[in-house]
Amino acid sequence: MTERIPGEASAEPKDCRSDSLIRLSEFRTLWAAYAQSVLGDQLARVALSLLVFERTESAGWTAATYALTSLPALLSGVLLSGLADRFPRRTVMIGCDLVRAVLVGLMALPGTPLPLLAGLLVLAQLAEAPFGASQGSLMPAVLGERLYEQGQRVMMITHQAGQLVGFAAGGVLVVWLGSHVSLGLNALTFLISAALIRLGVKARPVDRDAESAPKRMHTQVGKAAALIWSDPRLRSLVALGWLAGFIVLPEGLAAPFAEEAGGSAASVGLLLAAHPAGMVLGAALLGRPGFDVERRRRLLGPLAVGANLPLVVYWAGPGVGVALLVLLVSGICSAYQITAGATFVLLTPADQRGQALGLARSGLTAMQGIGVAAGGLAAELSGSSSQTIGGAGLVGTLCAVLVAVSWSRARGTSAGTIPLSA
């Protein structure tokens, strides 16, 4: 194992200015493709949530549909993320975009029955994991390891800002455009993303180490899982990410909670936007010069606790205004995910990043889906969305404390004495 996270102390040679400009152009292309796709995704999520709740008037079915945007990643993240290590990553990204464009386009057809809509949604989400693994593995090659975390910060801010705009305006736009037109726009964003990546990202061959990597799926998955399990730092970083399974519950129950709290349809979009707004603010604060990389890593545990603890306020049955403040604070603390994710990637060997990142992300999205589905069932049985969210906040806080202790110990054990910064 290396003596530090690679790239922390490296600097690009002075004669690589031209190459740096090309890399910056590639990053801008990836950013543009990602930004417009995020906006379409959030618009589609609002459309699906409102469509299902209007048809069924059930908190359980609404949460279950929202969970379908996450749960398929449990399968594809394990089985399909390895494609990012075995095939050119640009090719994998383009293929995934085209598949999703077709499937979401079919979802946009008027009169689509809910069971068929759910099936198409599951198939579309299966392509998310290999796309994300390819993008995440390609970013260090595009930016260089020294600038990778900064690039991830830009992408995360873009993602959360896209959620903020998409969720805040989503309710109004869906009413104006209709749910099927909104889904059609989302399909179009995938086509635009594929075109941008094809035209603006350099074609790179498969890594030499990847060519010699095991081709059997179970062997590839097993090696990545063993890599994560053997390093206590990687284990702790994965667990820090998976805590999002508790934090996402207010999104899945936004529509039922808004009705319970006496809010309007427009308040659903605001509730969905509050947490992303907090993450944008938190990412900006943690990116300030006073927060160097080592300090951000020391704060991972406390911030994870801070992301869950405010949700306990829901237990008191707050109004929409108080809930918005709670979600904003939770979002600010949740910005720790940027540093946790970047540290995980830089600690992982380049030829195994796709599969390892896929396993971590599949677990993350699966935990989010399971959390929302379980929360929806609990809300259905208890008849209270607010108490369900408050209970999830309490359990999440206890889990966050345990993970924070694990991360602190991992950085001090014999396996964790390797400095995490230059």
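In this predicted model, Arg235 is placed over the face of Trp229, with 4.9 Å separating it from the ring centre. The protein around this pair has 22 helices and zero strands, and 53% of its 422 residues count as buried. The mean pLDDT of the protein is 81, with 84% of the residues reaching 70 or more.

**Charges and rings**

- Besides the placement of Arg235 over Trp229, the model has Arg100 over the face of Phe131, where the distance from the ring centre is 4.7 Å.

**Overall build and surface**

- Among contacts between residues at least 6 apart in sequence, 87% join residues that are at least 24 apart.
- The protein exposes about 17,800 Å², and 68% of this area is supplied by carbon and sulfur atoms.

**The nonpolar cores**

- The largest nonpolar core holds 52 residues, and those with the most contacts inside this core are Leu30, Ile197, Leu237, Leu240, Tyr336 and Phe344.
- Helix 20, which covers residues 336–347, contributes the largest share of this core, namely eight residues.
- Another core lies apart from the largest one and has 25 residues, among them Val268, Ala274, Val326 and Ala379.

**Helix 12 and Leu240**

- Helix 12 runs over residues 232–242, and because eight of its eleven residues are buried, this helix is largely enclosed by the rest of the structure.
- The buried residues of helix 12 are Pro232, Arg233, Leu234, Ser236, Leu237, Val238, Leu240 and Gly241.
- Once neighbours within four places in sequence are set aside, Leu240 is in contact with Leu300, Ala304, Tyr336, Gln337, Val403 and Trp407.

**Thr339 in helix 20**

- Thr339 has its place in helix 20, and because its relative accessibility is 1%, below the 20% limit, Thr339 counts as buried.
- Leaving out residues up to four places away in sequence, Thr339 touches Glu149, Arg153, Arg296, Arg297 and Leu300.

**Leu117 in helix 6**

- Leu117 is found in helix 6, which covers residues 114–126, and with a relative accessibility of 5% Leu117 counts as buried.
- When residues up to four places away in sequence are not counted, Leu117 touches Leu48, Leu51, Met107 and Thr112.
- Between Leu117 and Val104 there are 13 residues of separation in sequence, while their C-alpha atoms are 9.2 Å apart in space.

**Confidence in the model**

- Among the elements of the protein, the highest mean pLDDT, 96, belongs to helix 18 (residues 300–308), whereas the lowest, 54, belongs to helix 10 (residues 208–211).
- Over residues 1–12 the pLDDT stays under 50, and for this stretch the model has 32 contacts beyond four places in sequence.
- Residues 414–422 likewise have a pLDDT below 50, and this stretch has 29 contacts in the model beyond near neighbours in sequence.
- Where pLDDT is low, predicted coordinates should not be read in detail.

Key: Residues are numbered from 1 along each chain as its sequence is written. This is a predicted model: local features need pLDDT of at least 70, side-chain atom pairs count only at pLDDT 80 or more; totals for chains, interfaces and linings use all residues. Side-chain values use heavy atoms; hydrogens and water are left out. A charge sits over a ring if NZ of Lys or CZ of Arg is within 6 Å of the ring centre and within 35 degrees of the ring normal. A nonpolar core is a set of buried Ala, Val, Leu, Ile, Met, Phe, Trp, Tyr and Cys residues joined through side-chain atoms within 4.5 Å. Buried means under 20% relative accessible area, exposed over 50%, partly exposed in between (1.4 Å probe, protein chains only). Helices (H or I, at least four residues) and strands (E, at least two) are DSSP runs, numbered from the N terminus. Contact means heavy atoms within 4.5 Å. pLDDT is the predictor's confidence in each residue, from 0 to 100. Accessible areas come from the Shrake-Rupley method with a 1.4 Å probe; for residues, only the protein chains shown count as cover.
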